[in-house]
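Open the model in your viewer and keep the selection tool ready.

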Amino acid sequence: MSAMERKTVKKGSIALYLALLLIAIIAMIALRNFDKIVSTPDKPQRDSMVVAIEYSPLSLYTYSDTLGGFSYDLLRMVAQKAGINLKYQPMVTLTSSLNKLKSGEYRMVCAEFPVIKENKDDYLFTTPIYVDRQVLVQRIQPDSTIAVKSLLDLAHDTVWVVDGSSIASRLLNLSHEIGDTIYINADKEYGTEQLFLRVATGEIKQAVMNERVAKKMATLYPNVDISTSISFTQFQSWILQREDSTFCDSINSWLEAVKLTPEYKSLYDRYFSN
């Protein structure tokens, strides 16, 4: 490695460290709010649930010391409609949150986890919250080109995904489709937003994640390309234990009722109209 390359990698590592430090600080602010119970005092409290929610530009984020995000705000609408208590828990990793769901520590998980056959064998899913697809995240080269112009270019290449994500299964299927091996690295430490930053700062070459989150992140990092699709459009839903069918039916009925309100239309347009 040349001195110039070492210098570039060092700069990228410092930038990544600072970016991750900023996210950690923001997450600590969010953690203070996660300890609060969201309830509806004017209705009888029928049930309560602990929800693990992913910290991302779509699910949950903080601004001016206030929590926001499509999934977060929609959960609050459901809680108000149903008269239930919600207690939020920060999602450290997808794998650990799904394990806690199975053990009963969490009642529901809100994260990027598409409704596909493999997942339906292990979990119950609510009625679809939104649709999304998976894209390749890669840096734009100094000459304004990208390394991966078609899926065939991924042959013998390495792609990063969030540990526990079903995106790994999609990449395995893709390797069969192109007739060549795609090497997969599962990041056991970071979530989707941090994985994007690792690509943006040059820490890793490329990653695959849901397009909606990648799109929001890409507005802040114009040196990143997200134009290569990896999957077809897929339903994204909230996740429950396989045996929790009664509660899933209740969540679905509350969701359908919320979706008929003007408040939901305003919320949906705010996040998905562009």
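Start by selecting Glu-112, Val-162, Ser-165, Ile-167 and Thr-192: among the 16 residues that line the largest cavity, these lie nearest its centre. The model is a predicted one. The space in this cavity comes to about 100 Å³.

Next, colour β10 (158–162), α6 (192–200) and β12 (206–210), each of which supplies at least two residues of that lining. The biggest contribution, 3 residues, is from β12. By class, the lining of the largest cavity holds 10 nonpolar, 4 polar and 2 charged residues.

How many cavities of 30 Å³ or more does a search of the whole structure find? There are 2.

In soluble globular proteins, nonpolar side chains tend to be buried together. Select Phe-70, Leu-74, Leu-75, Phe-196 and Trp-238, the residues that touch the most other members of the 64-residue largest nonpolar core. Helix α2 (residues 70–82) gives this core its largest share, 8 residues.

Zoom in on Phe-196. Leaving out residues up to four places away in sequence, Phe-196 touches Val-137, Met-209, Ala-214, Met-217, Ala-218, Tyr-221, Val-224 and Ile-226.

Last, select Val-161, Ile-167, Leu-171 and Ile-178, which are among the 12 residues of a second, separate core. Ile-167 was also in the opening selection, as one of the residues nearest the centre of the largest cavity.

Terms used
Residues numbered from 1 in each chain as written. Predicted model: local features only at pLDDT ≥ 70, side-chain atom pairs only at ≥ 80, totals over all residues. Heavy atoms only, no water. 1 Å grid on protein atoms, 1.4 Å probe; cavity = no way out; pocket = protein on both sides within 12 Å on 5 of 7 lines; lining within 4 Å. Points joined across faces, edges and corners; volume = space filled by probe spheres on them. Helix = DSSP H or I, 4+ residues; strand = E, 2+ residues; numbered from the N terminus. Nonpolar A, V, L, I, M, F, W, Y, C, P; charged D, E, K, R; others polar. Core = buried A, V, L, I, M, F, W, Y, C linked by side-chain atoms within 4.5 Å. Buried < 20%, exposed > 50% of the residue type's maximum accessible area, 1.4 Å probe, protein only. Contact = heavy atoms within 4.5 Å.
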